[in-house]
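Thanks for asking me to look this model over. Here are my notes, as numbered points, to read beside the structure.

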Amino acid sequence: MSRIVSITTEDVRFPTSLELDGSDAVNVDPDYSAAYVTIRTDAGEEGHGFVFTCGRGNDVITHAIDTYAQLLIGRNVEELIFDLGSASKRLIHDSQLRWLGPEKGVSQMACGALINALWDIRARREGKPLWLLLSTMAPEEIVDVVDFTHIRNALDPAQALDILERASAGKDDRIAALQSGGYPAYTTSPGWLGYSDEKLVRLSKEAAADGFSMIKLKVGGSVEDDLRRLGLAREAVGDLPIAIDANQRWEVAEAIEWVNRLAQFEPYWIEEPTSTDDILGHADIRKGVSPTRVATGEAVANRIVFKQLLQAQAIDVLQLDSTRVGGVNENIATMLLAARFGVPVCPHAGGVGLCELVQHFSFFDYAAISGSQEGRMIEYVDHLHEHFAEPVRIVGGRYAAPTRPGIGAEMLPDSRERWTFPTGAGWREVNGRTATTATEVAS
């Protein structure tokens, strides 16, 4: 028997606002950041997790993780990692801290970081990457980790078990196919709103040549700029699909009008056309922009909002995020909901480390839930992978299967030390030139 002896957080930030990597109509100057957590046991084991923010959000989320961590210190590791359903509920349904959500925002993300770190210990102990661990777990155990609170009117345990049991046929063959051929990817790297037209064209041509299934462009600054940029991208990539992403920029009527003005370029989907919380607004937009698909999910707070988006037939594509909700458990619930409603899952993966994490969910989805890759792909951005113990590998426009035991969250110690904010050597060299540090200098 082992026990948790320490849980530490680190504020790791990268100066991506210097080149406007990650910029869009709403997030105009992000500094990609990770509120990083490490769980250590008295047996020498470690579990790694993090929450993605755009910079100063780390100030808040690291404190929230530290607060929730007190609920785990001294506890039996085996009881936690072999009953991750109960471990998740211990954190998410804490009777006092739950008031801050409930089950949304900073509190839910902080819980998710810790839950993910526990899964990291479990996967490392079993010697498997997370996707393979999940794919080889018994359907009953997968169902046991899901919190069905407030979603039983759309998905109950018996229905979830049926989905997993039906997917058991051919699972071994699909696992082998993933290990040999990977999973389709699309890329947003050409499409950041702060990039010049020349950079957009060059990166779009490179993405098409590299075999990606689609490129995505940020929109919503100005419709004239969007028309010009989409025209340039279409010329650069030919018939390759192009998606567009407004990052919640528009009102409902505005979204319908704007997307229809861009419809001449046949966008594959419009992503986050309005507020993530506006379920009925998404449904109206979906009707108003058809046949353009509507996609959303990277900022959806929990499985309960996803349930309503699906029930309202408000989305064509579900985009889960690895660190927005309450960790692995809640993402499993969301994937099962998507399967129940027949909606494809295409994870969001912009930001530091999100590609490393979300690939595991798509691999698991294909192997053990949906059994399909049709209309499904994982987002890819070409930023900051070199800082991770197992960086993502893209081969012929496809994610190669992760092989290292764990959830993929482990960041290299040297990178964490260099980019710890504000004392790391990298930040001393930046010397106040980023969006994050500009506020520090001003104050």
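1. A word on terms before we start: contact means heavy atoms within 4.5 Å. Helices (H or I, at least four residues) and strands (E, at least two) are DSSP runs, numbered from the N terminus. The model is predicted, with local features needing pLDDT of at least 70 and side-chain atom pairs counting only at pLDDT 80 or more, while totals for chains, interfaces and linings use all residues. Residues are numbered from 1 along each chain as its sequence is written, and side-chain values use heavy atoms, with hydrogens and water left out.

2. Let's begin with helix α13, which is mostly covered, as seven of its nine residues are buried (under 20% relative accessible area; exposed is over 50% and partly exposed in between, with a 1.4 Å probe and protein chains only). The buried ones are R303, I304, V305, F306, K307, L309 and L310. The cover over them includes α12 (279-289), β8 (293-296), β9 and α14.

3. How do α13 (residues 303-311) and α14 (residues 327-341) cross? Their axes come within 10 Å and cross at roughly 10 degrees (axes are lines fitted to C-alpha atoms over the stretch in contact, and angles run from 0 to 180 degrees between N-to-C directions). That makes α13 roughly parallel to α14, a label for angles under 35 degrees. On the α13 side the contact uses R303, F306, K307, L310 and Q311, and on the α14 side E330, A333, T334, L337, A338 and F341. By class, this contact has six nonpolar, two polar and three charged residues (Ala, Val, Leu, Ile, Met, Phe, Trp, Tyr, Cys and Pro count as nonpolar, Asp, Glu, Lys and Arg as charged, and the others, Gly among them, as polar).

4. Next, two serines in loops. S322 lies between β9 (317-318) and α14 and is buried, with a relative accessible area of 1%. Leaving aside residues up to four places away in sequence, S322 touches N116, N331, L354, L357, V358 and F361. S168 sits in the loop between α7 (157-166) and α8 (171-181) and is partly exposed, at 32% relative accessibility. S168 and A368 are 200 residues apart in sequence, yet 6.4 Å apart in space, C-alpha to C-alpha.

Notes
Parallel < 35°, antiparallel > 145°, perpendicular 65-115°, else oblique.
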